[in-house]
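The sequence and structure come next.

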Amino acid sequence: MKLKFIDLKTYSVNSVGVDSPTRLIEEAKLLKIDIGLCDGVRYPYLSGIFVDAKNKKELLKKIKKARSLYDYILFRGGEKNRLGVSVKGIDILTDAGAVDPYVARMASKNEIAVEICIGDLIHTSKSSRIRTLKCIHHNIKFSRKYGFDLIVTSGARNRYELKNVKSTSEILKFLGMEDEEIKHAMLDVPRKIIERKKEEVKILG
Amino acid sequence: MAKIKMSKSMREKKRYLAFVVRSDFYITKKEISLAIWHTLMNLLGEMKVSKLHYRFLEYDGDSRVGIVVCSHKFIGEVIACLSLIGNVNNKRVSIVPLAVSGTIKALRRKVSRRVFQFREVNYNGKWGEKDIKVAQIYNNLIDVEPFDEEICERLREMNMKFVGLVREEVKFKEE
């Protein structure tokens with residue numbers, strides 16, 4: 001089967017980007033990829049939102065509200081990794097850094113995908129790029145051990161940061177991922193996230 | 001250094017890779033060749049680069065298409081390195097691989113079908129309530145210079161010049 005890429009972390013001018021949402025969709029068509037915009041605005045195409053909270057109760061409340069409006073929910077991790085994976089409902093844990101065994105176990109249990117952001121590699125250099133690469137290698141290793149999903153995103157804030165299938169797959173291969181893992185991170189996991197939402201809509205009527 | 005004569009079977013198999021440089025700015029051959037070289041050296045290191053048999057063959061600044069050649073074993077690594085270039089001399093760029101081929105003739109044939117070029121124009125227009133200056137057009141895609149301070153600041157931060165829109169979003173009149 002031909003490899004495809006669904007990029008679920010892109011930004012348009014309505015958040016921190018510079019291009020209009022329609023332009024990004026057109027550019028994605030030229031690159032033969034699908035994208036979802038995570039501006040926190042409901043578009044006629046795939047739209048996601050970042051949620052943030054101080055505690056579990058607040059997070060659950062925000063997830064419940066966002067679920068009905070958006071196709072997928074992202075959570076910015078880092079120091080809040082444990083909070084992000086503590087509940088079901090978050091789809092993607094972004095900026096997670098190197099995840100610890102507890103986060104890895106909970107991400108696997110709650111079906112939360114941990115992000116590999118290609119943009120982080122592009123925007124860093126020297127020692128900071130080495131740190132980013134180290135985190136990615138660590139997360140790949142933990143994903144194999146604990147079985148949580150990895151998802152690849154571009155984190156594109158403009159049309160030039162979108163990557164086509166060939167570039168993305170070669171970068172992932174370069175990072176040490178196997179062909180099957182690459183397909184899983186580029187296509188299967190994003191598709192699973194989108195279909196999860198569709199199923200929820202069906203159940204709720 | 002004297003050129004070593006080798007039998008055909010002993011020669012390294014080559015792959016020609018064509019790429020297109022996408023940017024709001026004009027990028028010269030020197031700039032792009034240096035950027036690629038530095039990225040290869042930074043990411044792969046001297047040992048691996050020595051095994052690549054890498055050579056920068058050509059680059060046309062107008063069509064923005066370039067060709068590099070390397071060993072067939074390492075074509076994946078070269079594509080990955082090219083894709084990880086984001087800035088050249090403080091200008092935002094994106095390098096998109098177009099085609100790979102074993103001969104330069106076949107590569108040129110493949111590339112000629114895949115290149116598109118923006119046409120430079122000079123219109124004034126409106127994007128919603130905001131005043132804009134249309135700078136480049138390709139089919140439905142339009143690159144504009146905004147006057148909005150917040151968006152200009154974002155563009156400066158990203159080392160870019162134009163905001164990307166589509167034709168339906170702009171109301172414009174010819175000057």
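Over all chains of this predicted model, the rule finds 30 salt bridges. One of them joins the side chains of Asp52(A) and Lys80(A), with an N to O distance of 2.9 Å. Asp52(A) sits in the loop between β3 (48-51) and α2 (56-67) of chain A, and Lys80(A) in the loop between β4 (72-76) and α3 (81-85) of chain A, so this pair ties together parts that are 28 residues apart in sequence.

Salt bridges also occur between the chains: 6 are found across the interface of chain A and chain B. Among them is the pair Glu161(A) and Arg92(B), whose side chains meet at 3.4 Å, N to O. The two named pairs are listed below.

| Salt bridge | N to O distance |
|---|---|
| Asp52(A) and Lys80(A) | 2.9 Å |
| Glu161(A) and Arg92(B) | 3.4 Å |

The interface of chain A and chain B also holds 18 residue pairs in polar contact, both residues being at pLDDT 80 or more. On the side of chain A that touches chain B, the elements giving two or more residues are α1 (21-30), α5 (118-123) and α7 (165-174) of chain A. By class, the residues of this side are 11 nonpolar, 8 polar and 11 charged. In terms of contact, 30 residues of chain A meet 36 residues of chain B. The two chains bury about 2800 Å² between them, and 61% of that area is on carbon and sulfur atoms.

The count of cavities of 30 Å³ or more comes to 1. The largest cavity holds about 30 Å³ of space. Its lining draws on both chains: Leu31(A), Leu162(A), Lys163(A), Asn164(A) and Ser167(A), together with Ser94(B), Ile95(B) and Val96(B). Strand β5 (residues 91-101) of chain B supplies the largest share of this lining, 3 residues. The lining of the largest cavity divides into 4 nonpolar, 3 polar and 1 charged residues.

The largest pocket contains about 1400 Å³ of space. Of the 50 residues that line this pocket, Leu31(A), Val20(B), Val96(B), Leu98(B) and Phe116(B) lie nearest its centre. Elements that give two or more residues to the pocket lining are α1 and α7 of chain A, along with β1 (14-23), β5 and β7 (130-138) of chain B. By class, the lining of the largest pocket has 25 nonpolar, 7 polar and 18 charged residues. Leu31(A) and Val96(B) line the largest cavity and are also among the residues nearest the centre of the largest pocket.

How values were computed. Residues numbered from 1 in each chain as written. Chains lettered and ligands numbered in written order. Predicted model: local features only at pLDDT ≥ 70, side-chain atom pairs only at ≥ 80, totals over all residues. Heavy atoms only, no water. Contact = heavy atoms within 4.5 Å. Buried area = accessible area lost by both parts, 1.4 Å probe. Salt bridge = Lys/Arg side-chain N within 4 Å of Asp/Glu carboxyl O. Polar contact = N/O pair within 3.5 Å; in protein donor to acceptor, adjacent residues only side chain to side chain. Helix = DSSP H or I, 4+ residues; strand = E, 2+ residues; numbered from the N terminus. Nonpolar A, V, L, I, M, F, W, Y, C, P; charged D, E, K, R; others polar. 1 Å grid on protein atoms, 1.4 Å probe; cavity = no way out; pocket = protein on both sides within 12 Å on 5 of 7 lines; lining within 4 Å. Points joined across faces, edges and corners; volume = space filled by probe spheres on them.
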